[in-house]
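Hi everyone, thanks for coming.

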Amino acid sequence: MITIEHLTYTYPATSRPALQDLSLHIPAGQFCAIVGANGAGKSTLCYALTGFVPHFYRGRMEGRLQVAGHDIAVTPPSALVGLVGLVFANPFNQITGACYTVREEVAFGLENLGVPPAAMEQRIAQALALTGLTDLADRSPFALSGGQQQRLALAAVLAMQPRVLVLDEPTSQLDPVGTREVFAILAALAAQQDTTVVLVSHALEWVATHADRVIVLMAGRLVADGPPTEVLTRPELESWGVGTTRYTQAARRAQAQGLVPPGRPLPVTLSQAVAFWS
Amino acid sequence: MALSLYLPRARGLHRLHPLTKLWLALFLFICGLALPGVLGAYAAFVALVVPLALWGAVLRPLLVAAGRVVLPFAVSLVLVQGLFWPRGTPLFGWGPLSFKLEGLLFAVRSTGRILMVVSSFLLFALTTRPDALALTLAQRGVPKSLTYILVATLQIIPRFQARAATILAAQQSRGLEIHGNLRRRVRALLPLIAPLVLGSLVDIEERAIALESRGFSRQGPKTSLLVLPDTRGQALARRLLAVASLAVVVMRLWVG
Amino acid sequence: MNIVVTDVTFRYPNGVQALSGVNLAIAGGEAVAVIGENGAGKTTLARHLNGLLRPQQGRVRIGDWDTREHTVAQLAHRVGYVFQNPDDQLFERTVRRELAFGPRNLGRDEAAIEAAVAQALARLDLEAVADSHPYDLSPAQRRLVALAAVLAMETPIVVLDEPTTGQDAAGTALLGRVIADLKAAGRTVITISHDIDFVAEHFPRLIVMAAGRILADGPTEWVLAQTGLLAQAQVDPPQLVRLAVALGLPGVPTTVDAFLDLWVRTRQRDGAEWPGGV
């Protein structure tokens, strides 16, 4: 579904490439998480997958990037609508402002795609149900909480039934309630496995529970790629600027101090930690 | 939280197609300006605007809003024209100042016109949702980028205002004193305006990306969830209104 | 410098009752975190501390000043408030000038301003970008600039509104060090935060708010032990506390070391076989 070959991209008027010699293949239906320090290139990768890099931001791109059969170098974002969906961190900035109700907000993309009204109604109902917004369908998008607005952004994108969904830190500006709501929807998507999902997030415990695969970026390069429990417990994480859960930290220190038998795999989640310490 | 005057109603004037309401407003506007006599505009207001406003169940809001705009004009017109009309017939006064009849009549006539202009706009705005208007325009070939600006501006300005208030709070929290002499207030302007502008640029970029990824600039046929019912009766009515407007103008020019 | 909040009640113009009979006393040099879900009144309370909001009933005293008798700009001499969105503050051409804005408003002389700016730049690792335009920096770095700008004011009391939003592991660690520095310098630090793991690790006192009232106010371990109350306030416990509960350990560990201590003590108490450390 996504094939990246030796991708190097530099924003205009900068000298250091934001992405360097990146090669990656994400098969259809996979749930792939991207972690890394701020400035590592995660957002740039999200924009590259949706065509904003290079078509919106200009700059210099080398290498090849193919998403859902399209070569990004020659495919602008408008041609990817309906194939690739993007959700980013700020819920308010994803409200179009052109719509007076939640229902119409979800319809916005479908109208631009020329979907016939009967099909639109059905897709909107589905998207609202999936994101738990059915009761809020007639409310103004501006009268929603941050978490609700983010769910609305998700609904609006999911209604377009994209093959690939790209999420750039979808919960970093939400409170715990909103974060829980958004991740519940993503968990459902992960379970369905018919959409390819690329998620940038610092929520390591959640990623470890639901993602199929974790990729670590540092200074524009891919430095690790593998199953979550393996990648999120690697000792180099700190030097890569990536954190670890408290569960991993406690377990690693316990091993170093000889408090537990050696050789146990380090935990990332609560349930793994319980198993580790028992 | 949007900035529009629109008041939702289930029946009545609201259910007309936006174009019909637009032609109605235009007709009222022309009547207001072109009908002769001191009281011509008032006659049109009572005979046309009031019944329409009743039909739309917006009479009270219309009177309140119109009053807010028209009254200040009325007061200043009466004072200025009444007192300073050159070589007029004095009605009453004291000392060197006196109210002239011609001046008062002029003020009354002008107020009537302002009332009709304002009311025709208000009648339209109170009964038409901005996105319905935007869709009407888009269906008639106005580019979606322009109709978007129409609607989005109304919805986003209150947020802008809220942000300005937050910036004021933030800068005061850094010791910026906003009370005091004029010089101090002028110097306070940059720390208040710059974050608003710069921060908005960031927001605008993100919103542009969001719009783009929802197909805003995509070529090809577009559909609409919102349906604007139109009838042949209304289409005929619009044509009649156009003719009537023209007739009023012609009559006014002919009568002089 | 003490903070005393007495019987404060506040209702917003739109009728929302945000604070009901809140009483609070914070001594100089304390580090306090205020937690609770959105709408609980945390921000409303914080805004009373620097005069942005005035109580409709009750009183707020900062030292010997009643907030109703002073402007916000005057109270800025005593309380530095870091807003959540850095873009609401930043306006100068360079980071350096931005940091000088606050102290200059407070009437410090040029030498003192330069020293304060230099120290704030050093504390937040911003020396490398001191002459950059703030809007050329990433959003996370702009947050650090906004924080530095308030630190440069050198106020005895500092209020931080959701400081860890959007920060990566390095940024969060930096914030932890900043808070430790402030504590060491005897400054009062008050934070509003949903990041319960961060708060548990760095703040010895916790205030839990819900529906405009204070539900609990005391030492962090004591507050976190009250699971029913936390559930009522919609607050999830920190990772290590959850782990301790899941393992049946009798304690409330707020740091990795505290957890390991607890583990070792419990095992010793229970006479476990693995003695730990050979």
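Predicted model: local features only at pLDDT ≥ 70, side-chain atom pairs only at ≥ 80, totals over all residues.

**A walk through the chains**

What about its dimensions? The C-alpha trace of chain B spans about 65 × 60 × 30 Å along its principal axes. Its radius of gyration is 24 Å, while a compact globule of 256 residues would come out near 18 Å. Buried residues account for 34% of the 256 residues in chain B. And if you take the contacts in chain B with a separation of 6 or more, 72% of them join residues 24 or more positions apart.

Okay, over to chain A and its sheet. Four strands make an open sheet here, in the order β2-β1-β4-β5, and the pairing is antiparallel. Which strands sit at the edges? Those are β2 (19-26) and β5 (70-71) of chain A, each pairing on one side only. Strand β4(A), residues 60-67, pairs with β5(A) over two bridges, in the antiparallel sense. If you want to find that spot, look for V67(A), whose bridge partner in β5(A) is H70(A). Now look for helix α1 of chain A, residues 42-49, which packs on the sheet and touches β1 (2-10), β2 and β4 of chain A. The direction of α1(A) makes about 120° with that of β1(A).

Next, a helix further along: α11 of chain A, residues 270-277. Which of its residues are buried? They are Q272(A), A273(A), F276(A) and W277(A). Seen down the axis of α11(A), the buried residues fall within an arc of 125°, so they line one face of the helix. Here's a handy bit of background: an α-helix has 3.6 residues a turn, so residues three or four places apart point the same way. And what do the buried residues of α11(A) pack against? Their partners are α10 (246-256) of chain A together with α10 of chain C.

That brings us to where chains A and C meet. The contact takes 28 residues from chain A and 29 residues from chain C. On the chain C side, α6 (169-184), α10 (239-247) and α11 (256-269) each supply at least two residues. Which element gives the most there? That's α10(C), with six residues. By class, the side of chain C that touches chain A has 14 nonpolar, 10 polar and five charged residues.

Conventions
Residues numbered from 1 in each chain as written. Chains lettered and ligands numbered in written order. Contact = placed C-beta atoms within 7 Å. Nonpolar A, V, L, I, M, F, W, Y, C, P; charged D, E, K, R; others polar. Rg over C-alpha atoms; globule rule 2.2 N^0.38 Å. Buried ≥ 20, exposed ≤ 12 C-beta atoms within 10 Å, placed from the backbone. Arc of directions from axis to C-beta. Pairing = 2+ DSSP bridges. Axes fitted to C-alpha atoms, helices over the stretch in contact; angles between N-to-C directions.
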